[in-house]
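Keep the 3D view open as you read.

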Amino acid sequence: GISPGAATAITGFPPGTVTGTTEAANPVAVQAQTDLAHAYTVAAGLPATATHGTLGGQTLVGGVYTAGGATLDLTETLTLDGQNDPNSVWVFQATSDLVTASSSKVVLINGANPCNVFWQVTSSATLGSGSSFVGTILALTSITMANGVTVSGRALARNGDVTLINDTITKATCAAAVASASASASASAVASASASAVASASASA
């Protein structure tokens, strides 16, 4: 989806396929843009639990993690441990860019829920080829996925494009009420944006 902008700005479908509806500059898309802006602002303002600029090889429980001014870098595998608590929430604050390496992975264990994983990106997000990613990306500028990326979640860009190349985005099934942890305000705000299932961006397959 896109707001503001016309449906002609959404290109590549076909040959790309969309399950559901495409919204362009209509009330649904406008509301999604508003919800996205609110979710982004709330996520960016949460106090951090810890600082991690490099995520590869780590196992993290629910919390708010900031890159501390550096590029948020994901190589190898990041494991998110839900500790058998369905309300565990992860908010990652990329204070610059978010970059994932080719074939990197985000893995969920012990009941971690993809609906409760959020990536607030102050600039742009770039996902490397063949990588496997989880959660909702809230990017201020743009999101670019290289070839063969899989995402369980959503890719939402406020001011730029969402660019795809033979990638697969699967919307996780999320409950209406999300999280009661310290990041619950962000979870609730993002859930509203996610329910609209549209992004303020153009997508090219």
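Trp 119 stands opposite Ile 137 in β11, and that spot is a handy place to start looking around. Please keep in mind that this is a predicted model. From here we can follow the strands, then the core, then the aromatic rings, and finish with a few individual residues.

**Strands around β11**

- β9 and β11 run parallel to each other, paired over four bridges.
- β11 also pairs with β13 in the parallel sense, this time over eight bridges.
- Ile 137 stands opposite Ala 155 in β13, and Ile 137 is also the residue that Trp 119 faces.
- How much of β11 is covered? Seven of its eight residues are buried, which leaves the strand mostly covered.

**The nonpolar cores**

- The largest nonpolar core has 31 residues, and Phe 92, Trp 119 and Ile 143 have the most contacts inside it.
- Several strands give two or more residues to this core, including β4 (72–74), β6 (90–94), β9 (117–121), β11 (132–139) and β13 (150–157).
- Which element gives the largest share of this core? That is β11, with four residues.
- A second, separate core has eleven residues, among them Ala 43, Leu 46, Val 64 and Val 89.
- Leaving aside residues up to four places away in sequence, Ile 143 touches Ala 125, Ile 137, Ala 155, Leu 156, Ala 157, Asp 161, Val 162 and Thr 163.
- As general background, nonpolar side chains in soluble globular proteins tend to be buried together.

**Aromatic rings**

- A search of the whole structure finds three aromatic pairs.
- Why is the pair of Phe 92 and Trp 119 called stacked? The ring centres are 4.2 Å apart and the planes meet at 15 degrees, so the pair falls in the stacked class, where planes are under 30 degrees apart.
- This pair links distant parts of the chain, with Phe 92 in strand β6 and Trp 119 in strand β9, 27 residues apart.
- Phe 92 is buried, with a relative accessible area of 1%, and Trp 119 is buried as well, with a value of 1%.
- Trp 119 also pairs with Phe 133: their ring centres are 4.7 Å apart and their planes are at 45 degrees, so this pair is tilted.
- Because Trp 119 lies in strand β9 and Phe 133 in strand β11, the pair ties together parts that are 14 residues apart in sequence.
- Phe 133 counts as buried, at 2% relative accessibility.
- Ring pairs link Tyr 65, Phe 92, Trp 119 and Phe 133 into a cluster.

**Residues to look up one by one**

- Leu 36 sits in helix α1 (residues 27–45) and counts as buried at 1% relative accessibility.
- Leu 36 and Arg 158 are 122 residues apart in sequence, yet their C-alpha atoms are 7.2 Å apart in space.

**The loop between β5 and β6**

- Gln 83 lies in this loop and has a positive phi of about 50 degrees although it is not a glycine.
- Asn 84 belongs to the loop between β5 and β6, and its phi is near 60 degrees, a positive value in a residue other than glycine.
- Gln 83 counts as exposed at 52% relative accessibility, and Asn 84 counts as exposed at 65%.

Note on methods:
Residues are numbered from 1 along each chain as its sequence is written. This is a predicted model: local features need pLDDT of at least 70, side-chain atom pairs count only at pLDDT 80 or more; totals for chains, interfaces and linings use all residues. Side-chain values use heavy atoms; hydrogens and water are left out. A nonpolar core is a set of buried Ala, Val, Leu, Ile, Met, Phe, Trp, Tyr and Cys residues joined through side-chain atoms within 4.5 Å. Buried means under 20% relative accessible area, exposed over 50%, partly exposed in between (1.4 Å probe, protein chains only). Contact means heavy atoms within 4.5 Å. Two strands pair if DSSP finds at least two bridges between them. Rings of Phe, Tyr and Trp (its six-membered ring) pair if their centres lie within 6.5 Å; planes under 30 degrees apart count as stacked, over 60 as edge-to-face and the rest as tilted.
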